[in-house]
Amino acid sequence: MASAIIHTVRRQLLYRAKISRDLTRLVPASIASRDHSLKSLRFLHQSQSLPNKATFRPDREDVSLLEAKHDPDTFGTLSPVVPEPEVPDEGDLQEEKFLQNKPARSQKLSTKEYADLIKGHLKNQRIREAIDVLEVRMREDRVKPVNYLFNLLIGGCARVGYSKKAFQLYNKMKQHGLKVTGGTYTSLFNACANSPFLGDGLDKANRLREIMIEKGYEPNESNFNAMIKAYGRCGDLKTAFQLVDEMMSKQLRIQTDTFNFLLQACITDTEFGFRHALLVWHKMYRLKAQPDIYSFNLLLRCVRDCGLGNLEATEQVIEQILFQSQPNPSRLEDPSQQSALLEDGSKETSKELQLSNLNQEVQQEGTPNLLSSRPHLGSLISLGEIKKPEDRLLLLGGSNSILAEMERLKIQPDIKTMTELLDTVPPTLAAEKQILSTIRRLGIRCDIDFFNILIKKRSMRFDYEAAREVLTMIRTARLEPDIVTYGVLALGCRTQEEARALLKEMRDADIRINIQILGAMLRQGTATKNFRYVTEVLEIVKQERFRPNEAFLKHLDNFNKKCEKMNQAYNKQPRKAGRDEFKLEYNRYKLKLESWMDYMGLKGLGLDDAVGAVREHPWEQFKQPQAEGFEATKNPKLRHEKKKRHSIRKIKVEELKEDGEVDGGSDRRGELRRIE
């Protein structure tokens, strides 16, 4: 029986072998060698002729796909014949390098040492190098980062406004499974506050606040202050003030720092900011939070940059401040007035708040004073005439009232306070002399920034001789002019000769010119319609290979529009005096301007396109390594030295010019009349 079965199997195998040989003869050898299906069929017949595949497996690599698929001893379904790639995969090379180049034990550092490296880079504004410590160095050292290092980097990016990278590090921190602390949220909100893109910063702040709510995280005082700072600087004042109400509802302490962040929020609103600042200031008094030096400096910034807005709403705010300042506890607790930090004027004011019904204590004679804890209107006020910074300063009682209030609170003004006061006092020599006398009396040490503002203030009112006299004050105070000093002096270069003299003075002082100084000169050249002056400035830009900034291009565009209007006017009046001279200079200027625009790569572009072409992305500087020479090890004393400050006791303030010698605005006394 067994022999019959063997005989039958042998006959079947021989029959199948004969069929396979016949098929092979029908196909040419060159095609059969490439045809995998015929190979598979031939290999199938051969494999079936073997009694045991595991024992008698052919020692060949050209195994059929069908056999490899059904072979229980073969893993996978791929053919053993796999061609090697001509170009090795980059990822495979990196993986091989990662596996072979294991770091030495001495190469790895401790967490504190990595933190010291990051702190050193951040201290010297080397953002790229600090990030590389975490993303490159620690990865090569095979060291797992901790949340402390992430928080350091997020805080460093937040301080310089690199919000995009700060949130990328935050996402990596979560991917590593590290704990997100309250300090992390504080740094992220600071990144939103310092972001150069207000819309993007506001969107990130909203998303981060939603994440905190989703996770059930309860913000602390630092988190709330950072949120108020972020929303305020990004222009969302309503949310910033709502956060203060939320702090009060959660019984968190509202200290001076919180109100300082609210004042920063007021500064962003140039139309209504001063009105909001008055409400914040007196809310601070009512909550027993004492202002500090930063509070006064921020308030003066509001005086300089912000307006009152709608006069009717401002009157209501002043009435509310006067009403709530009265020493009557029962009336101060009016709930309808406690939350009125942002008034839009749409709400009708109670008749109890009319000025005519106020206590006589808030109505006094003399200059108004809305700064003190017991404010009064005085007898000379009219809100319709409050349009300039000096008018708003007078509403607070003037510089003397501010200094008196600081003295009452035992706060010593610094040079920043006096610089802000200088920027808000009336544009007269008498007011500037009073500021200098106050600095000498209080013994405040001046820096170069104060004198730069003094030069700018005099140049903006076209008193260029008095502006040049400030250089003598700088030398008398044993200070040295900086690049900003020459920038504000350039505002007084009305002619080419004055511009050349200033450039020579800069070369002698070994100070290199920049595009800002050339922009100030261009501003003067366009104001006087001096084509040759403007052309010379353009030539200097070309020679120094500067990239024009946005302000430079705007001055140039406005000048071109004015010249085109004048040219059209002369075309309509061919006999008008000065026509030929203007045409000659204007045509020559247009040819040189066209050549300059072509050289700068701005030919044929409109103002918006040209500004976009020259504008540098604010985060590009953080993607490149820092240039040599800025390291602390090069010159640590010079690198971290504060600006020099010296006394001005040697300046003879009594010998300075008196008032009445200034053009434009010197006769303005700022007297205001009562609200009608």
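These are my notebook entries on a predicted model of a protein chain.

**Ground rules**

I number residues from 1 along each chain as its sequence is written, and I use heavy atoms for side-chain values, with hydrogens and water left out. Because this is a predicted model, I ask for pLDDT of at least 70 for local features and 80 or more for side-chain atom pairs, while totals for chains, interfaces and linings use all residues.

**Entry 1: the whole chain**

I looked up the secondary structure first. The protein chain has 33 helices and zero strands. I take both as DSSP runs, numbered from the N terminus: helices are H or I with at least four residues, strands are E with at least two.

Next came burial. I call a residue buried under 20% relative accessible area, exposed over 50%, and partly exposed in between (1.4 Å probe, protein chains only). Of the 676 residues, 43% count as buried. The chain exposes about 38,800 Å², and carbon and sulfur atoms supply 51% of that area. The areas come from the Shrake-Rupley method with a 1.4 Å probe; for residues, only the protein chains shown count as cover.

Then contacts, meaning heavy atoms within 4.5 Å. I took those with a separation of 6 or more; residues 24 or more positions apart account for 70% of them.

**Entry 2: helix α29 and its cover**

Helix α29 spans residues 531-543. Its 13 residues reach 18 Å from first C-alpha to last, close to the 18 Å expected at 1.5 Å a residue. The expected span is 1.5 Å times one less than the number of residues.

I listed the buried residues of α29: Phe531, Tyr533, Val534, Thr535, Val537, Leu538, Ile540 and Val541. What covers them includes α27 (496-508), α28 (515-527), α30 (550-572) and α31.

**Entry 3: aromatic rings**

I pair rings of Phe, Tyr and Trp (its six-membered ring) if their centres lie within 6.5 Å; planes under 30 degrees apart are stacked, over 60 edge-to-face, the rest tilted. That rule gives 17 aromatic pairs.

Phenylalanine 462 and tyrosine 464 form an edge-to-face pair, 6.4 Å centre to centre with 70 degrees between the planes. Phenylalanine 462 counts as exposed because its relative accessibility is 57%. Tyrosine 464 is at 9%, so it counts as buried.

Phenylalanine 582 and tyrosine 586 form a stacked pair, 5.5 Å centre to centre with 15 degrees between the planes. Both lie in helix α31 (residues 579-599), four residues apart, about one turn of the helix. An α-helix has 3.6 residues a turn, so residues three or four places apart point the same way.

**Entry 4: charges over rings**

My rule here is NZ of Lys or CZ of Arg within 6 Å of the ring centre and within 35 degrees of the ring normal. The charged end of lysine 542 sits over the ring of tyrosine 599, 4.9 Å from its centre. Lysine 576 lies over the face of tyrosine 570, at 5.6 Å from the ring centre.

**Entry 5: cysteines**

How many disulfides are there? The count is zero, taking a disulfide as a pair of cysteine sulfur atoms within 2.5 Å. For cysteine 234, the nearest cysteine sulfur is that of cysteine 192, 6.5 Å away. Cysteine 234 is buried, at 8% relative accessibility. For cysteine 302, the nearest is the sulfur of cysteine 306, 4.7 Å away. Cysteine 302 is buried too, at 0%.

**Entry 6: helix α15**

Helix α15 (residues 273-286) has 14 residues and reaches 20 Å from first C-alpha to last, close to the 20 Å expected. The helix is mostly covered, with 13 of its 14 residues buried. Lysine 288 follows α15, and its phi is positive, near 60 degrees.

Is lysine 165 buried or exposed? Lysine 165 is buried, at 10% relative accessible area. Its place is in helix α9 (residues 163-175). Leaving aside neighbours within four places in sequence, lysine 165 contacts Ile131, Glu135, Cys157 and Lys172.

Glutamate 312 is in helix α17 (residues 311-324). At 58% relative accessibility, glutamate 312 counts as exposed. Glutamate 312 and leucine 383 are 71 residues apart in sequence and 9.4 Å apart in space, C-alpha to C-alpha.
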